[in-house]
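Thanks for making time this morning. I have one structure to walk through, and I will keep it quick.

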Amino acid sequence: KQWYQRRVREEKQRRMAQQREVLSIEAETARKIAARAFAQNYLSDLVPSVFGALSENGYFYDPVAKDVEGNFVPWLLSRVKENMGHVLLSRVMVDELIRAVCDKRTPQTFRQPIFNQKSSPLTHS
């Protein structure tokens, strides 16, 4: 009978130890799940703000847009400036030609009589 009671007591202690181990594992699992949920919730707010700040500071960029802004736009502006210089030079040259022609013709215009002596503006000869 003592042998039986001792065996029952040992079995009971073994099962209680197993139950404590199971409860300990369940509690640890619950803590891990809670920690993971907290971290995900915390990071869900943090990640977009960090990526936004990095993007605003230029760590992420579109290579095509960067190439257009860095190479094409400066080249285009220099070509436009060069062409505008040609346009301005052309206008100055045309203005000088017109001025030269006007200067050359002005003395001749003043020397010619307004009305021809032989014909008047009202009669045709």
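**Salt bridges first**

Start at Glu-11. Its side chain meets that of Arg-15 in a salt bridge, at 2.8 Å from N to O. Keep in mind that this is a predicted model. Both residues sit in helix 1, four residues apart, which is about one turn of the helix.

Arg-15 counts as exposed, because its relative accessibility is 54% and the cut-off for exposed is over 50%.

Now go to helix 2, residues 63–111. Glu-96 and Arg-99 form a salt bridge there, at 2.9 Å from N to O. They are three residues apart, so again the separation is about one helical turn. Glu-96 is partly exposed at 45% relative accessibility. Arg-99 is partly exposed as well, with a relative accessible area of 46%. How many salt bridges does the structure hold? Five.

**The overall layout**

Let me step back to the fold. The protein has two helices and zero strands. Of its 125 residues, 1% are buried. The accessible surface comes to about 12,400 Å². Carbon and sulfur atoms account for 61% of that surface.

Look along helix 1. It runs over residues 2–56. That makes 55 residues, and the helix reaches 79 Å from its first C-alpha to its last. What span would you expect at 1.5 Å a residue? The expected value is 81 Å, and the model comes close to it.

Where does helix 1 bend? The bend is at Leu-43, by about 30°. Then look just after helix 1. Gly-58 takes a positive phi there, of about 90°.

**Aromatic pairs**

Next, the rings. A search of the whole structure finds three aromatic pairs. One of them is Phe-38 with Tyr-42, and this pair is stacked. The rings are 6.2 Å apart, centre to centre, with 15° between the planes. Phe-38 and Tyr-42 both lie in helix 1, four residues apart, about one turn of the helix. Buried or exposed? Both Phe-38 and Tyr-42 are exposed. For Phe-38, the relative accessibility is 59%.

Another pair is Phe-72 with Trp-75, and this one is tilted. Its centres are 5.9 Å apart and its planes are at 35°.

Phe-72 and Trp-75 are three residues apart in helix 2, so they are separated by about one helical turn. Phe-72 is partly exposed, with a relative accessible area of 42%. Trp-75 is partly exposed at 48% relative accessibility.

**The nonpolar patch**

Last item. Which residues make the nonpolar surface patch? Phe-38, Tyr-42, Leu-43, Leu-46, Val-47, Val-50, Phe-51, Tyr-59 and Phe-60. The patch covers about 930 Å².

Several residues from earlier come back here. Phe-38 and Tyr-42, the stacked pair, are both in the patch.

**To recap**

Two helices, zero strands. Three aromatic pairs.

Terms used:
Residues numbered from 1 in each chain as written. Predicted model: local features only at pLDDT ≥ 70, side-chain atom pairs only at ≥ 80, totals over all residues. Heavy atoms only, no water. Patch = residues over 30% accessible without salt bridge, like charges linked within 9 Å, V, L, I, M, F, W, Y side chains within 5 Å. Areas by Shrake-Rupley, 256 points an atom, 1.4 Å probe, with all protein chains shown as cover. Salt bridge = Lys/Arg side-chain N within 4 Å of Asp/Glu carboxyl O. Buried < 20%, exposed > 50% of the residue type's maximum accessible area, 1.4 Å probe, protein only. Expected span 1.5 Å × (residues − 1). Bend = angle between axes of the 7 residues up to and from the residue. Phe/Tyr/Trp six-rings, centres within 6.5 Å; stacked < 30°, edge-to-face > 60°.
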